[in-house]
Amino acid sequence: TYTDQTRITVRRSISENNGISRATMTFPNFTGRHNDDFQINQEVEIKLDKTTNPATTIVFLGVVRDIEFSGEANHETVTVTAFDYGVRLQDVTVQPVVYNSSEVSTIVKNLVDLYVTGITYTNTNATTLTLSRLTFKHQSVFDSVNQLAKLSDFIFYVDTAKDLNFKKRNNASSGV
C-alpha cells in the first residue's frame, strides 16, 4: 500500500474485439525510498472512491511490466507501468493443435486451461458457432482468442476479478 504517489494514470481500453488496460504510477524516490519496492510481475491493485476512505472500488488489477528510475539524487522518481491480467494471454504460445467440430467458447476455455494460470473464465459465454476445423500454430493465447472473437462476433477482456469475459458484441457492457 502506497500513498505517496505524485501521479497515477489508468488507461482502460477496448478495441474492436479486445482490450488490455494500462496503469502508470510515479512515486518520489528521495534517498532511494522505493528502490526495492517494485518487481516485474508483481500484482498491482488500484482502488478509487470519491466518498470512501480508504477506497474500496478496484479500478485496475494487473501486473508490473516496467520500472523506470529518472532524475538525480534527491529529485529521483520511479515510474511503474503495469498492464491488466489480459497481458497474461500474451505471455504464452499455443502449441500446434487442431480443433475439430468444436464450439468457440469451448476452445477458449480449453486454451485458458492449458496455457494460462491465475485467470478464470466464468464470464465466457457460449456462441452459436461450431467450427468444423481450426488450427493454431505457435501463436499467443491472446491472438488465438482474438481470432475466435472475430469469427464469432464477440469481444473479450480480463476484468478486475481476473476473469476472462468473452461476450457477444453489443450485448454486454465491457465495463469501460
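Start by selecting E45: at 41% relative accessibility, E45 counts as partly exposed. Here buried means under 20% relative accessible area, exposed over 50%, and partly exposed in between, using a 1.4 Å probe and protein chains only. This is a predicted model, in which local features need pLDDT of at least 70 and side-chain atom pairs count only at pLDDT 80 or more, while totals for chains, interfaces and linings use all residues. Residues are numbered from 1 along each chain as its sequence is written, and side-chain values use heavy atoms, leaving out hydrogens and water.

E45 and K47 form a salt bridge, with their closest N and O atoms 3.6 Å apart. A salt bridge here is a side-chain nitrogen of Lys or Arg within 4 Å of a carboxyl oxygen of Asp or Glu. By this rule there are five salt bridges.

Next, select E43 and K162, whose side chains meet in another salt bridge at 2.9 Å, N to O. E43 sits in strand β3 (residues 43-47) and K162 in the loop between β10 and β11, so this pair ties together parts that are 119 residues apart in sequence. K162 is partly exposed at 25% relative accessibility, and E43 is partly exposed at 40%.

Zoom out for a moment. The protein has two helices and 11 strands; these are DSSP runs, numbered from the N terminus, with helices being H or I of at least four residues and strands E of at least two. Buried residues make up 40% of the 176 residues.

Then colour helix α2, residues 141-152. Its 12 residues reach 16 Å from the first C-alpha to the last, close to the 16 Å expected at 1.5 Å a residue; the expected span is 1.5 Å times one less than the number of residues. Which residues of α2 are buried? They are V141, F142, S144, V145, N146, L148, A149 and S152. Show what surrounds them: they pack against β6 (93-94), α1 (104-115), β8 (130-136), β9 (139-140), β10 (154-158) and β11 (164-168), where contact means heavy atoms within 4.5 Å.

Step just past α2 to D153, which takes a positive phi of about 60°. D153 forms a salt bridge with R169, the closest N and O atoms being 2.8 Å apart. D153 lies in the loop between α2 and β10 and R169 in the segment after β11, so the pair links parts 16 residues apart in sequence. D153 is partly exposed at 33%, whereas R169 counts as buried at 19%.
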